[in-house]
Amino acid sequence: MPTITVYDAMAQALAEEMRRDARVLMFGEGVATKRPELVGEFGSARIRNTPLAEGIIAGTAVGAAATGLRPIVDLLFAPFLCYAMDELVNSAGKLRYLSGGQFEFPLVAISMTGAGWAVGSQHNHNVEAWFAHAPGLKVVMPSNAADYKGLLKSAIRDDNPVLFFVDIGLLYQPGEVPGGESLVPLGRAAIARPGHDVTLVSYAKTVAVCLQAAEALAATGIAAEVIDLRTIKPLDEATVLASARRTGRVVVVHEASRTCGVGAEVAALVAEQAFDHLKAPVRRVTGPDVPPPASYPLEQAFVPGVDAVAAAAKALVRKPH
Amino acid sequence: MSPFSSPALPSAAVPSIEHPEDLLEAMLLIRAYELRLSELSAQSGTPGTCTAVGQEAAAVGVLSALRAEDLILTNHRSAGHLLARGADPGRMMAEVMGRRDGYCKGKSGSLHISVRELGVVLTSTIVGGELSLATGVALSQTLLGRPGIVACFFGDGAAGEGIFHESLNLAAVWKLPILYVCENNEWQAFVHRRETMVGERIADRAAPYGIASATVDGNDVEAVRDAARSATAAIRDNGRPFLLELATYRQRGHFEPDDQTYVDAAELAAWKARDPIERMKARLAAKDGFTTGDFAGLQARVAARIDAAAAFAQASPWPDPAELLTDVYA
């Protein structure tokens, strides 16, 4: 299996889907500048630069999606989504419902976020939970190159608006990517490492943190299962619940801030539907409720670390029941 | 480009509003529809609406200049646009009342009624929302090789949103076939535009983007139609956007019921003296020998349609509660 970066995996997905379906097009801030190979193959009508104006980029995607095209927009950094929030939340997420199902909005909105480039909180802010809370949207945030490709392809083929978050820290990370179609379905989590003592639920770059924690835990005789959610909405409840019932202990790990984050949703899900199987309370290990800072050590301190995740898991396993 | 896989847009018959009497009747229908809903909301549990009473010439004039293949985006003050496009007043009233036979199954209410089969492709009640979507609709028309242009209705209030400028700029840069129709009705919800706008005309904002524009008397239905015909001809010819500003006035409040205590009585009276329906009626009488009896005949026909529409809507069942959870995702 070839080893390529997340960036190249996404480039493959874009090219393959544009080749497959002439209705797919991509526009955004510097899309044509940064992807000359796509302009070369598909032409400047389908790969377009835009003004630095996220509202009209997103709105144009929504209008185009409703009337027959399948746009992908690159909005660069996730905090810029605030300017596109009306179009994504009020239009893309609601107008199918409000119109009684007369329209579909097959579009993908790509943005980057996460610690790694020391860019500060106006370029790094994990806002995926905001969009998971909005009806009518889907939210994806993969953890490895193969999933970036397979999930982006599925997102482009989906007939609904999909927010596709790219973890900056993973962008140039290499990984094995299978050839051929290799679609990864939306809404299905992966068991990144099986185990029976405790479940670590995560997504994006903290999946790797959980895998390292699981390795450390194994050395102390604790078998941790690591679940990579991959899609945040729709959430793969069945996989999370099955694991929670099997291990009886759950730690949810994400880089995004704690309050009303994805971890709260997963914890509530487990409490509501797997309570009788729990041997200990669900724990969250997350970023703090502060704006992500620029200074590299502060930025790294923002992200849940291996020690914190392992300590949380150990505390649950040692808790008498 | 591969062929468009969804149903063609639009697919239903669109009425031709050709003769002067048709223009008058179309305006009368809108007026009667909006006043009936205002009465119903004052009397009973019918939800209030944002009316465009006094602005009928703007809707009818522009719609009479459009073709069946053209697509329309509108806003919360949309009844005139929908009716002039040929929407069934009964299904519209059913929608306002939240009934099953509404165009959107009762899920929209009055504020965001879209009618795909008539080419009313998207309706947003977020002020300026339609401006954000129009560029994408026009891009679809261009890339998919469909013939129609895109008409986008908004008000002077929406022209104060940043997205107005973003939309005009992108439409100009990408050469998109959009007829921007600004119905400048002097009111931005509960605020008079003189409090929020420097200058008198929204159309003045087109030139900096290299967009052609015109401002016409929005209460003269024939003047609006003629200006819209010129504008659409230019768009069809050169594929570029055009901003048409219609100077008009919102005779009723922002949202029914509204006592309009904030409105200057003299200004309101002056605009009511320029009522688009009365003006067209007088013009027909002067030019074409249109009689009081002729007018009564039109009024009776319109009243019968509105009576039937209200009866249809009131008889329409409520949606099944299970409908709450449908239509969220494709």
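Reader: Where does Thr74(B) lie in chain B?
Author: In this predicted model, Thr74(B) belongs to strand 1 of chain B, the run of residues 71-74.

Reader: And is Thr74(B) buried or exposed?
Author: Thr74(B) counts as buried, because its relative accessibility is 0% and the limit for that class is under 20%.

Reader: What does Thr74(B) touch, leaving out residues up to four places away in sequence?
Author: With those residues set aside, Thr74(B) touches His81(B), Val120(B), Leu122(B), Thr123(B), Ser124(B), Glu130(B) and Phe153(B).

Reader: How far apart are Thr74(B) and Arg85(B), in sequence and in space?
Author: They are separated by 11 residues along the sequence, and their C-alpha atoms are 12 Å apart in space.

Reader: Switching to the interface: how much area do chain B and chain A bury between them?
Author: The two chains bury about 3,500 Å² between them, and 64% of that is on carbon and sulfur atoms. On the chain B side, the residues that lose the most area to chain A are Trp174(B), Tyr329(B) and Ala330(B), which together make up 18% of what that side buries.

Reader: How many residues does each chain bring to the contact?
Author: Chain B brings 43 residues to the contact, while chain A brings 45 residues.

Reader: What about salt bridges and polar contacts between chain B and chain A, how many of each?
Author: The count of salt bridges between chain B and chain A is 0, whereas 16 residue pairs are in polar contact, with both residues at pLDDT 80 or more.

Reader: Which elements of chain B give two or more residues to the side that touches chain A?
Author: Those elements are strand 2 (120-123), helix 5 (129-143) and helix 6 (162-173) of chain B. The largest share of that side, 9 residues, comes from helix 5 of chain B.

Reader: Now chain A. Where is Asn124(A), and is it buried or exposed?
Author: Asn124(A) sits in the loop between strand 5 (108-113) and helix 7 (128-132) of chain A, and with a relative accessible area of 1% Asn124(A) is buried.

Reader: Which backbone nitrogen lies 2.8 Å from a polar atom of the Asn124(A) side chain?
Author: That is the backbone nitrogen of Gly114(A). Beyond the neighbours within four places in sequence, the residues in contact with Asn124(A) include Gly114(A), Pro79(A), Val119(A) and Glu255(A).

Reader: Which residues make the nonpolar surface patch with Val119(A)?
Author: Val119(A) makes that patch, of about 290 Å², together with Trp117(A) and Tyr172(A). Trp117(A) is placed in the loop between strand 5 and helix 7 of chain A, and at 34% relative accessibility Trp117(A) counts as partly exposed.

Methods:
Residues are numbered from 1 along each chain as its sequence is written. Chains are lettered from A and ligands numbered from 1 in the order in which they are written. This is a predicted model: local features need pLDDT of at least 70, side-chain atom pairs count only at pLDDT 80 or more; totals for chains, interfaces and linings use all residues. Side-chain values use heavy atoms; hydrogens and water are left out. Helices (H or I, at least four residues) and strands (E, at least two) are DSSP runs, numbered from the N terminus. Buried means under 20% relative accessible area, exposed over 50%, partly exposed in between (1.4 Å probe, protein chains only). A polar contact is a pair of N or O atoms within 3.5 Å; within protein, one must be able to donate a hydrogen and the other to accept it, and residues adjacent in sequence count only if both atoms are side-chain atoms. Contact means heavy atoms within 4.5 Å. Patches are made of residues with over 30% relative accessible area and no salt bridge: like charges are joined within 9 Å, nonpolar side chains (Val, Leu, Ile, Met, Phe, Trp, Tyr) within 5 Å. Accessible areas come from the Shrake-Rupley method with a 1.4 Å probe; for residues, only the protein chains shown count as cover. A salt bridge is a side-chain nitrogen of Lys or Arg within 4 Å of a carboxyl oxygen of Asp or Glu. Buried area is the accessible area (1.4 Å probe) that two parts lose on being put together, summed over both.
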